[in-house]
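Visitor: Could you take me through this model, starting with a pocket and then moving on to a helix pair?

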Amino acid sequence: MSEPQVVVITGANRGIGLELARHYAGQGCEVIGVCRQSSDELSEVAKQVIEGVDVTTDAGIEKLTSALVGKSISLLINNAGLLQDEQLGNIDFDSIRTQMEINAYAPLRVTEALVPQIREGGKIANITSRMGSIADNDSGGRYGYRASKAALNAFGKSLAVDLKPRGIAVAQLHPGYVKTRMVNFGGLITPEESAKGLAERIANLSLENTGSFWHSNGEELPW
């Protein structure tokens with residue numbers, strides 16, 4: 001029998017990350033959940049939980065890589081994120097910096113650290129947002145979140161170009177407006193519905209469409 005696919009998910013303790021963990025565990029994958037604080041729900045489905053990891057720090061990345069020594073990764077899902085709001089005239093630049101660290105720099109940190117362990121034919125899914133689309137911005141505001149997700153999209157596109165010769169495909173994926181704690185559970189779809197759509201997009205990701213920006217429902221989004 002072949003070895004199970006290894007799926008590494010950041011921010012896996014709740015919300016979309018947890019539902020993705022459940023999905024891939026149900027597919028027989030070896031799920032490795034990465035988080036700052038674990039949950040009973042994650043422990044039930046993950047083969048391994050690496051907690052106490054702050055992906056914005058060198059120490060956090062070192063802890064992550066140390067825990068994954070010897071693992072051949074099939075799929076890396078950069079899911080951990082933070083949504084805060086800023087209003088013009090009262091912009092909190094510390095808030096913007098924090099969102100940049102978590103939403104943009106951290107996925108790049110994690111990816112750079114783990115790329116040597118991602119096998120040829122492997123995939124990277126960056127959970128971004130359509131709020132990172134400049135063309136789609138018709139409501140303004142959310143300066144830090146929009147900018148950080150736009151930066152993540154730019155990082156993901158460059159990763160797709162740089163990793164294609166190594167046989168690794170990269171996608172930027174918008175999960176939809178999901179009923180999670182991030183939006184005070186005011187979304188339009190459930191985490192389960194979002195995870196199903198995201199998993200379909202990941203399944204269809206290849207070197208032919210690497211670097212694309214997709215909605216979980218299959219719609220290709222504008223930059």
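**Pocket and helix packing**

Guide: The lining of the second largest pocket comprises 5 nonpolar, 5 polar and 4 charged residues (Ala, Val, Leu, Ile, Met, Phe, Trp, Tyr, Cys and Pro count as nonpolar, Asp, Glu, Lys and Arg as charged, the others, Gly among them, as polar). This is a predicted model, in which local features need pLDDT of at least 70 and side-chain atom pairs pLDDT 80 or more, while totals for chains, interfaces and linings use all residues. Residues are numbered from 1 along each chain, and side-chain values use heavy atoms, without hydrogens and water.

Visitor: What volume does the second largest pocket have, and which residues are closest to its centre?

Guide: Its volume is about 220 Å³, and of the 14 lining residues (an atom within 4 Å of a pocket point), Q5, Y24, L75, I202 and A203 are closest to the centre.

Visitor: Which element gives the most to that lining?

Guide: Helix α6 does, with 5 residues, and α1 (15-26), β4 (73-78), β5 (118-127) and α6 (191-203) each supply at least two.

Visitor: Switching topic, at what angle do α4 and α5 pack?

Guide: Helix α4 (residues 93-114) and helix α5 (residues 143-163) pack at about 15 degrees with their axes 7 Å apart, which means that α4 is roughly parallel to α5 (an angle under 35 degrees).

Visitor: Which residues meet there?

Guide: Among them, I96, M100, Y105 and L108 in α4 meet residues of α5 including Y145, A151, F155 and L159, contact being heavy atoms within 4.5 Å. The residues of this α4–α5 contact divide into 13 nonpolar, 5 polar and 1 charged.

Notes
Axes are lines fitted to C-alpha atoms, for helices over the stretch in contact, and angles run from 0 to 180 degrees between N-to-C directions. Helices (H or I, at least four residues) and strands (E, at least two) are DSSP runs, numbered from the N terminus. Angles under 35 degrees count as roughly parallel, over 145 as roughly antiparallel, 65 to 115 as roughly perpendicular and the rest as oblique. On a 1 Å grid over the protein atoms alone, a cavity is a set of points where a 1.4 Å probe fits but cannot get out, and a pocket is an open set with protein on both sides within 12 Å along at least five of seven lines; lining residues have an atom within 4 Å of a point. Grid points are joined across faces, edges and corners, and a volume is the space filled by probe spheres set on the points.
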